[in-house]
Amino acid sequence: MVSIIQSPLVQHDAKQVLLPSPFHPRIEQHCLVKNWMSWNGYQTARVYDTLASEYFAIRSSCSVMDLTPMEKYRISGPDALSFLNRLVVRDVSALKPNRVTYVVWCNDEGKVLDDGTIFHLHQGEYRLCSQHHQLDWLLISSLGMDVSIVEETHEVAALAVQGPTAYSVLSAAGFDGLDQLKPFGILHTQLDGFEVMVSRTGYTGDLGYELWTNPSNALALWDALFGVKQRGLYDLRCIGLDALEMVRIEAGFIMPGDDFNTAETTVRAGHDRSPFEIGLGWVVNFDKPHFTGKQALLREKDRPIERRLVKLAVEGNKPPVDSFLYDGKKGRRIGTIKTQIWSPILKANLAMADVEYRNGKLPVQIWAEIYYQKELEWQVTWAQCRISDVPFWTHPRRSATPPQNC
Amino acid sequence: MKKYDAVVIGAGHNGLTNAAFLAKAGLDVVVLEKNDYVGGATVSRELHQGWQYSNCSYVCSLFRPEIYQALDLGRHGLEVVPLQGSATFKQDGDYFGSYHQPAVRRREIARHSKRDADASIRFDADLMKWCRLIRGFLLRTPPDPASFKPRDVMEFAYLLKRFYTLSESQIYEFIRFFTMSIAEYVEEYFESDVILAHFSGGSIIGTGLGVYSPGTAYVLLHHAMGDIDGNVGSWGFARGGMGSLTKAIASSFQSHGGELRTNSEVEQIIVKGRKATGVVLASGEEIDAQVVISNLDAKRTFLGVMDPNDLPADLLHRAENFKIRGSSGKLNIALDGMPEFPALPEGSSLTLGHMHFTDTLERLERAYDDWKDDRWSADPYVDTVIPSQYDPTVAPAGKHMMSVFVQYCPFEVEGGWTDAKRDAFGATVIDQIAEHSPNFKQLILHVEVRTPLEIEAEVGLTEGNIFQGELTLDQLMFNRPFPGYAQYRGPVKNMYMCSSSTHPGGGVMGAPGTNAAREILRDLGRRDSTPRDFGDD
Amino acid sequence: MTSAASKQVIIVGGGHNGLVCATYLALAGRKVQILEARDEVGGGASTTSFAEGYKVSGLAHILYSLSPKICTDLKLETAGLQRGAAIDTIALDRDGQHLTLGVDEASGAGLSQQDRVAYTAFKQEFRNYARTLEPLMMNKPPRLKDMDRTDLLTLGKLGWKLRFGLGTRSMREFLRVGGINIYDVLNEVFDNAQLKAAIAADAVIGHHMGPRTPSTVLTYLNRLRWEIHGQQSLPPGGMGQIANALSKAAKSAGVTIRTGAKVQKILIDAGKAYGVQLHSGERLDAAIVISNADAKITFLELVGALELDAMFAQRIHTTRSRGNVAKLHVALDSLPQVSGLSTQQLGQRLLIAPDMRYLEHAFNHAKYGEYSEHPLLEITVPSIADPTLAPDGHHVMSISACFAPYSLKQGWERQRESFSDKIIAVVERYAPGFSTQIVARELLTPVDIEAQYNITGGHWHHGEMTIDQSFMMRPIHGAAQYDTPIAGLFLCGAAAHPGGGVTGIPGHNAAQRILAMGAGL
């Protein structure tokens, strides 16, 4: 009998529904409210304690989040670079070793399948991180190429350490050489005798790092970090996905599957989105060699796009959950809110919204129709919205090298 | 003598559905059934004391929720419990389980192929595209391509408009899906043998084609487009057996004042002056009615209960050539306890769903080769369910009822069926299951083996074809049952068809009966009591 | 680029379709160069010598489908085209009860009057269906969304022919049977098992299909449509003679033909083809490149997946194009003797297809990577009409044997001889003593056809002709109108609509498309 068991899980019945990450023994201790959800099949905390404490840990001190469930693929072989450059819409041919870049990739119709980051780990060796499962598409895209694609989600344990004191915390935990690590840079280093890869990347708009290591070192890594707190040096908090949702909208990052429908799961024609339609036209490079979706995207010049995903600030404090958007108060319906949060740091309602985009112009007057409750009584109100061209919030700390004032 | 508004021949689920909508619209309706029980092929029967066999159709999901709601079947006693996933056992002792829980489902596919786990996302989304499109056609009457009547032209325009909600590449992909074989279709997604086999099996159920025959990909929809409470492709079991479904429809029908007569076999439809005026029973009794509706399959209707002299010659020719080859058998088994399946982890939930034992496309295709040569498959594809695990009403406490659907089994075997051959057929199936369940044979208390011959004799499905006519392109949409007769109207005035021989075909869907009712009410100028499609969801 | 060299049109592959396409373009004033990897042009239409003094048509061995419009347009008769005398099909019977199937009439001792009448009616009816599809044939397949005027016209004509050309009754019937299998249709119409099998054979030869496979009505119509225009024949000198005529016509129209020039790569810059590179390393510039190669070679080898969208490349990769037919060439020291068959009759197209179950069983093996235990054979003895093909008194026999799958489980090298023996044993049963007459033999398996003719999978038609690989889905949608996602790259071979056979139509349609687009100037 040929063993074809590839899954990390040997026991494969339905009893254990969600997979534990390598950090799970610690996460379980820290997660006081046991508010779990599935992230790519992993048992992931939505909230550990209170949302507010987690949010402010990110914005004012230091937060730790388990990134292991993020899909990771190791890409290597002679054609690795040609493969990647044909996969994504951005030109990644100039990506140097130890650098990271943000990418999106499309299907033949130029509709976005997913976004992610490419890590150039060593010369000719890459890691692609994505939000959704992409192995099928990566293998389809590798037809006729000499490239190895290995899914390594479970083979790499990862933590995000983000916040103003992230640098200080990591230094106190024993990481050396981070002072010269620039944004989107990678540092291969050692901690207590095991290898850790540190990248200055994140999803928060602030100073932050991501740590990557073998799952066997996961608990040691965790303990090294939280030792800093135990020693009374810096505060440090685990954060769940709900807090992340707040900061990523503040920082203007989009979430495939929430802010727009990914092409692979789209059933109805026209419900998928091109990079231009989600405001990512800036990553599309028509001058580089052929990439999947290029011709379809070029054709968008003849048939201009009609919708755009925008960052929207909504006045007032009533949450514009799932709100319809109108051209002028009670005017024509022109869009919908996709995701939204209340930003404690800006004291504002922030949202990602899909709106009409006619003749290359965004609507001028946008009003949201908001339904909200007062002690179970539904109310309706209107709020004026403003499109933001830049992230709602970011901090110079994010890019200063060496890190300043932290 | 009493004259009914409508007489329906055959109390199968479509006949009852049709009658219920007519009665609901205020018509005086009688349903005539030859057996002493109602339900046709949708029945629960106590053929072994203490056990209720759903001895023909055994699971439901295709039954349209619109009809369920409109006939208020929940209040008439119908309870449908969803099945929990499915499994295919491999010859090497392993298995593949298809779970409903998304994370577990994904991980289990990945155990066989990581690539397939991701490909299943693409597969599910694509299948959903075709489901969405086809589902919208189910509760509609197919337009006649040869007609210039405004209604047909408008309907064509409507269908075209729906079709054009697809993008250009989706249009071609849809045509490909519609004309491809299931094996070649799934091979465009998956690589693991057991996963290929698992997702292909549904496409040959009830069908005289193999997994590599073009056109079978579409049949998958007949098994995948059903849903239970929005869970597309999931199957359910009617508590008390499938008879509960027809009992509920019958009850709904009676609550609208309908009359049900069992033991009333119809001998002939009376036609006077090219108009149907009633029926004659085998007993000689005549029943007059304004309209006569046949729930018999197209062959039985035109070659059985109608006088050839009343029919146009081309229709007779069509009826003779109607493809309705039986290809399926059925075993209903009373078990002394729950069989063990050692391949599964202890306490596995997979026994609650469908179980299959054919793990490669080649084995599926070879099963078909046997049928082509008028033999039952030496290594058949079976679909096994044990509903007694969650329905205590179908077997005594601690005992179990197993329903085994078998593909392929021919209507005619070389030299003709004998009792010995029927037993040998049953033994073939039991042996296959026993390979994966060591205590299975010892648990067997009673087996009912049904070849297409028994299905025909008892239920009246010609050649035992479960769809009342094969689901090939020549017998779909405006070709079903025959070109020019796809709008539920018969060749003589006041005569209608409402069986699965008409669009959209078989599966316990209720759609043919409903569509026929709509056409009849329209002709009679009565209020339409049939439900509208729920629409895109 | 404005240099003179850049203005030429390069055609990769000098098969019959490449020659046709080249000639049309040259006649329209384009400067055309054909690059052929082999030493001769013509592709599947060739004459080869397989033993000293014995010559035979290499791949295709019966001329039935060369479009008359193309013959006229390209003045092929002036270029020396000889069709040869029309031949019938004779279905052999072991007891000498052979059936002769003509265009309209079938005859034979075992045939009932009813079947004879039915045959005539059936052929007429099905030829009418074939006629209905005619607007689709000599044109680019229409797109089904964003149609241009040509597409609308094609669809309009098709609709008109369907509705008014056929009439209500035939239209209904066509819509009923069009998508199904020939087996069910023939069982409705005929009684005689041998007659049914002989007709069904036409639907399955060259395809990965048995009579019961849905799609076989379509493949049958595809073959039948040639009866609208002409008849089948054995061209004197073999099929190579057709290639010669096409080549001569091409040259006189000004086409340059280079043989022994195997293209390695189609050169592409910024999504546009600008030339080709040969295996020798030589590079040739071109205004446009037209590929007569099959879709897999064209896109996955010559273009390369890197220049294509990922799903497009994947769909090309998953097209089904594994050959199913082996060709056996036999040199004989005398004429084989089939009881009840005159020499004249022996010179017709002979079929060994006793009944449809025989064919279905033959096909069953192919599904599992085995060759047929009892193969379906299409036999010609071209040396009867053309004695120059063999030494005096000797003969050559050409046999297409189904089914011989490309991917044989045990591999062809080990089973080549056993399959040849099997074929010969089958013929022996009809022509006693046949095996003792054999002087030499040669078997071309699909693997050999692939190697010798540069066709992926050795597939006669450059890809299965099922509905999902036909019309606007041939080879795949997105490349079905002869132009491709690569600007300046076109398809003109059997991989494109309407597919295989020595028809010249893909070449014709591609040329029309290129001219309509104003490309290649």
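What percentage of the 406 residues in chain A is buried? Good morning, colleagues. Before I answer, please note that the structure before you is a predicted model. In chain A, buried residues account for 48% of the 406 residues.

Let me stay with chain A for a moment. Its secondary structure consists of eight helices and 19 strands. The C-alpha trace of chain A spans about 65 × 55 × 50 Å along its principal axes. A compact globule with 406 residues would have a radius of gyration near 22 Å, and chain A, at 22 Å, therefore agrees with that expectation. As for contacts with a separation of 6 or more, 66% of them in chain A join residues 24 or more positions apart.

I turn now to the interfaces, beginning with chains A and B. Here, 30 residues of chain B are in contact with 26 residues of chain A. On the side of chain B that touches chain A, at least two residues each come from helix H3 (102-112), helix H4 (114-138) and helix H6 (168-179) of chain B.

Finally, I would like to show a pair of helices within chain C. Two packed helices are described by the angle between their axes and the distance between the axes. Helix H1 (residues 16-27) of chain C packs against helix H18 (residues 505-517) of chain C at an angle of about 35°, and their axes are 7 Å apart. The crossing of H1(C) with H18(C) is right-handed.

Which residues make this contact? From H1(C) they are Asn17(C), Gly18(C), Val20(C), Cys21(C), Tyr24(C) and Leu25(C). H18(C) contributes Pro506(C), Gly507(C), His508(C), Ala510(C), Ala511(C) and Ile514(C). By class, the contact of H1(C) with H18(C) has eight nonpolar and four polar residues, with no charged residues.

Thank you for your attention.

Definitions and conventions
Residues are numbered from 1 along each chain as its sequence is written. Chains are lettered from A and ligands numbered from 1 in the order in which they are written. This is a predicted model: local features need pLDDT of at least 70, side-chain atom pairs count only at pLDDT 80 or more; totals for chains, interfaces and linings use all residues. Helices (H or I, at least four residues) and strands (E, at least two) are DSSP runs, numbered from the N terminus. The radius of gyration is taken over C-alpha atoms; the globule rule is 2.2 Å times the number of residues to the power 0.38. A residue is buried if 20 or more other C-beta atoms lie within 10 Å of its own, exposed if 12 or fewer, and partly exposed in between; C-beta atoms are placed from the backbone. Two residues are in contact if their C-beta atoms, placed from the backbone, lie within 7 Å. Axes are lines fitted to C-alpha atoms, for helices over the stretch in contact, and angles run from 0 to 180 degrees between N-to-C directions. A crossing is left-handed if the near helix is turned anticlockwise from the far one by less than a right angle, and right-handed if clockwise. Ala, Val, Leu, Ile, Met, Phe, Trp, Tyr, Cys and Pro count as nonpolar, Asp, Glu, Lys and Arg as charged, and the others, Gly among them, as polar.
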